[in-house]
Amino acid sequence: MFLDPGNQFDSYLWQDNTTLPFFTVVSPGNYSVTVTNDNCPAFDDIFVNITSPEIDLGNDTLLCLGDTIYLDPGQGYSSYLWQDNFSGPVYEVVEEGNYSVLVTDNYNCISQASVEIASLAKPIADLGEDNQICEGETRILETPQGPYSYTWNGEPGDHYLEVQNGGTYTVEVSNQCGIASDQAIVIEFPVPEVDLGADQVIQPGETIQLDGGAGFDQYTWQDGAGGQYYVVVAEQIDPENPYYWVEVWQGPCKSSDTARIEMLEVKVPIVITPNGDGFNDVFSPFEDSWSGINRNHILIFNRWGEKVWESDNFEMGWDGKRNGSPVADGTYYWVLDVYYGEDDISQTIKGSVTVLNAEN
């Protein structure tokens, strides 16, 4: 700083015998000057205290969101001016940014400092409610994603974990702001086994009872019906959609099975007259009821249980003969195995036929 008594005097004599019209102060102490003007002296002195306020807001640092950092440049200054014109001695920081302060001491000396503060979210661990899975399924356990490191049951991982088995799963989420943890229990249930059996063929007037199996919590059939059993009535079958299915539930797990039940109505004559007149001479199926039959096998017996005819070609018919000779008039019993439809469903049909007026 400079001491300047004014430039209107004829001479100057400072305490160190220098004679300049001003004096440069570089250290604290007592300073005096004698000035003369027209041989008239004048004297004055002053004590100078040199101050240089040094403030420090600390190193650039990290703020964990939700916390507060207090910036304190020191007490005892006559004024404080922060970057947003706040004038208090201590500044509360709750978010990231650049913060600076200008302080003035009692001698009007000024000092300035600044600091950069970055922010980081505190770890969050939340796996939600406990889970139920069915055997063979995969469930995703997930905790909030962020600038964190994750470990699952002690093993490093990501913010999610694919779970295929029951058990207890613990996640730890960490960063510079701390560690958070959560735990989830996964309960594994077996998948119920349901079996409606093989596809079937039904004949007019018959019913078939499908069994969804015992002991399940819930049953739902294709038409919304419930219960373990479902009765299929031949006359109610839709030939365009002959499928019947059931869903069964055991706890949170479900399974299903489907059965196809088709109507098979093979029509045959109940009486034949194999007398060679060209009318009703053979025992064979009516053409309008034989559609969809892939293969067949028929046996015909007399009333004593003796086989009189056997064939894999029922369409060609039985002419009422046994080993080339006409059988006696009477009632004969037949057993017909047919294999039907795209899936070659098998069905056994039984009946009787009466032979009259056989050739002798």
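Is Cys134 buried or exposed in this structure? Cys134 is buried, at a relative accessible area of 6%. By buried I mean under 20% relative accessible area, by exposed over 50%, and by partly exposed anything in between, with a 1.4 Å probe and protein chains only.

Before going on, the basis of the numbers. This is a predicted model, in which local features need pLDDT of at least 70, side-chain atom pairs count only at pLDDT 80 or more, and totals for chains, interfaces and linings use all residues. Residues are numbered from 1 along each chain as its sequence is written, and side-chain values use heavy atoms, with hydrogens and water left out.

Let me start with the disulfides. A disulfide is a covalent bond between the sulfur atoms of two cysteines. Here the term is applied to a pair of cysteine sulfur atoms within 2.5 Å. Searching the whole structure gives 2 disulfides.

Cys134 is bonded to Cys253, with an S to S distance of 2.0 Å. The angle about the S-S bond is -110 degrees, and this link is left-handed. Cys134 sits in strand β12 (residues 131-134) and Cys253 in strand β24 (residues 253-263), so the bond ties together parts that are 119 residues apart in sequence. Strands, for this talk, are DSSP runs of E with at least two residues; helices are runs of H or I with at least four; both are numbered from the N terminus. Cys253 has 0% relative accessibility and therefore counts as buried.

The other disulfide joins Cys64 to Cys177, again with S to S 2.0 Å. Its angle about the S-S bond is -95 degrees, and the link is left-handed. Cys64 is in strand β6 (residues 61-64), while Cys177 is in the loop between β17 (167-175) and β18 (178-189); the two are 113 residues apart, so to speak distant parts of the chain. Cys64 is buried at 13%, and Cys177 is buried at 17%. Counting bonded cysteines along the chain, the pattern is 1-3, 2-4. As for Cys109, its relative accessibility is 22%, so Cys109 counts as partly exposed.

Next, the sheet that contains β24. Strands of a sheet pair through backbone hydrogen bonds, either parallel or antiparallel. Two strands are taken as paired if DSSP finds at least two bridges between them. In this open sheet, 4 strands come in the order β19-β24-β23-β21, with mixed pairing. At the edges are β19 (200-202) and β21 (218-221), each with a single partner strand, so one side of each has no neighbour in the sheet. On average, neighbouring strands are turned by 25 degrees against each other, direction ignored. That angle is taken between axes, which are lines fitted to C-alpha atoms, for helices over the stretch in contact; angles run from 0 to 180 degrees between N-to-C directions.

The strands β21 and β23 (residues 243-250) run antiparallel and are joined by 4 bridges. Within that pairing, Thr220 has Glu247 in β23 as its bridge partner.

Glu247 brings us to the salt bridges. Which side chain meets that of Glu247 in a salt bridge? The partner is Lys254, at 3.4 Å from N to O. A salt bridge here is a side-chain nitrogen of Lys or Arg within 4 Å of a carboxyl oxygen of Asp or Glu. The structure holds 7 of them. Lys254 is partly exposed at 42%, and Glu247 is partly exposed at 23%.

Another one is formed by Arg260 and Glu262, at 3.6 Å from N to O. Arg260 is buried at 5%, and Glu262 is buried at 15%. A further pair is Glu310 and Lys307, at 2.7 Å from N to O. Glu310 is partly exposed at 39%, and Lys307 is partly exposed at 43%.

Two items remain. Phe2, Leu20 and Phe22 make up a nonpolar patch on the surface, together with about 320 Å² of accessible area. Patches take residues with over 30% relative accessible area and no salt bridge, joining like charges within 9 Å and nonpolar side chains (Val, Leu, Ile, Met, Phe, Trp, Tyr) within 5 Å. The areas come from the Shrake-Rupley method with a 1.4 Å probe, and for residues only the protein chains shown count as cover. Leu20 is in the loop between β2 (11-14) and β3 (23-24), and is partly exposed at 47%.

Finally, Gly66 lies in the loop between β6 and β7 (69-71) and is exposed at 73%.
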